[in-house]
Amino acid sequence: LQLDPNFAIAEARWGEALLAMGDHEGAITHMQHALTLVRRGEAPERQRASISPVIHNLLGDTLVKLGYPEKARDVFVLGLKVTPRHPGLESALASLYLQREQFDPAISLLRDALIQKPGQPQIAKMLDEALSRKLGTQL
């Protein structure tokens with residue numbers, strides 16, 4: 001970061017380090033700043049396209065772990081606006097919907113994620129779970 005204060009990946013990784021040290025607020029701040037760098041275009045174009053979904057997932061997962069599922073949902077939704085149909089973001093958002101028993105949006109996202117990345121066992125397992133749970137509520 002001293003060499004390049006606009007290096008979004010380094011900013012996000014610093015946030016991960018702070019999280020590991022127990023500084024939750026600092027972690028979120030640095031991850032959000034990494035997203036700001038990506039959105040403002042201060043990261044190179046090539047870097048923005050590849051790291052935007054990674055940083056959105058990292059921040060969203062962190063918010064879920066810290067007990068902020070609504071904020072995490074907003075991060076995943078924003079990530080999908082920036083990088084539509086990204087399987088990692090879709091499955092992360094679907095997981096939140098499953099926790100809230102919102103089966104239809106979860107199923108839709110997981111089906112799309114499997115189209116984008118066929119043969120992903122974790123996504124297929126989540127889709128099976130969503131379909132089974134939805135069927136169980138209809139019986």
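At 15% relative accessibility, N57 counts as buried, because the cut-off for burial is under 20% relative accessible area. The model in which this value was computed is a predicted one, and N57 is found there in helix 3, which covers residues 45-65. When the neighbours within four places in sequence are left aside, the residues in contact with N57 are F76, G88, L89 and A92.

The protein as a whole has seven helices and zero strands, so that from the N terminus on its elements can be written as α-α-α-α-α-α-α. Of the 139 residues in the protein, 40% are buried. Among the contacts between residues at least 6 apart in sequence, 46% join residues that are at least 24 apart. The protein exposes about 8000 Å², and carbon and sulfur atoms supply 54% of this area.

One of the residues in contact with N57, namely F76, lies in helix 4, which is formed by residues 69-82. With a relative accessibility of 1%, F76 counts as buried, since this value falls under the 20% cut-off. Apart from its neighbours within four places in sequence, F76 is in contact with H56, N57, G60, D61, V64, L89, A92, L93 and L96.

S52 and L35 are separated by 17 residues in sequence, while their C-alpha atoms are 7.1 Å apart in space.

Two helix pairs, both of which include helix 7, were examined for their packing. Two packed helices are described by the angle between their axes and the distance between the axes. Helix 6, made up of residues 103-116, and helix 7, made up of residues 121-138, pack at an angle of about 155°, and their axes are 9 Å apart. Because angles over 145 degrees count as roughly antiparallel, helix 6 is roughly antiparallel to helix 7. The crossing of helix 6 and helix 7 is left-handed. On the side of helix 6 the contact is made by F103, D104, I107, L110, R111, A113 and L114, and on the side of helix 7 by I123, A124, M126, L127, A130, L131, R133, K134 and T137. Divided by class, the residues of this contact comprise eleven nonpolar, one polar and four charged.

The second pair consists of helix 5, which spans residues 87-99, and helix 7, whose axes come within 11 Å and cross at roughly 30°. Since angles under 35 degrees count as roughly parallel, helix 5 and helix 7 are roughly parallel to each other. The crossing of helix 5 and helix 7 is left-handed. In this contact P87, S91, A94, S95 and L98 of helix 5 meet I123, M126, E129, A130 and R133 of helix 7. By class, the contact of helix 5 with helix 7 has six nonpolar, two polar and two charged residues. Among the residues of helix 7, I123, M126, A130 and R133 take part in the contact with helix 6 and also in the contact with helix 5.

How values were computed
Residues are numbered from 1 along each chain as its sequence is written. This is a predicted model: local features need pLDDT of at least 70, side-chain atom pairs count only at pLDDT 80 or more; totals for chains, interfaces and linings use all residues. Side-chain values use heavy atoms; hydrogens and water are left out. Axes are lines fitted to C-alpha atoms, for helices over the stretch in contact, and angles run from 0 to 180 degrees between N-to-C directions. Helices (H or I, at least four residues) and strands (E, at least two) are DSSP runs, numbered from the N terminus. Angles under 35 degrees count as roughly parallel, over 145 as roughly antiparallel, 65 to 115 as roughly perpendicular and the rest as oblique. A crossing is left-handed if the near helix is turned anticlockwise from the far one by less than a right angle, and right-handed if clockwise. Contact means heavy atoms within 4.5 Å. Ala, Val, Leu, Ile, Met, Phe, Trp, Tyr, Cys and Pro count as nonpolar, Asp, Glu, Lys and Arg as charged, and the others, Gly among them, as polar. Buried means under 20% relative accessible area, exposed over 50%, partly exposed in between (1.4 Å probe, protein chains only). Accessible areas come from the Shrake-Rupley method with a 1.4 Å probe; for residues, only the protein chains shown count as cover.
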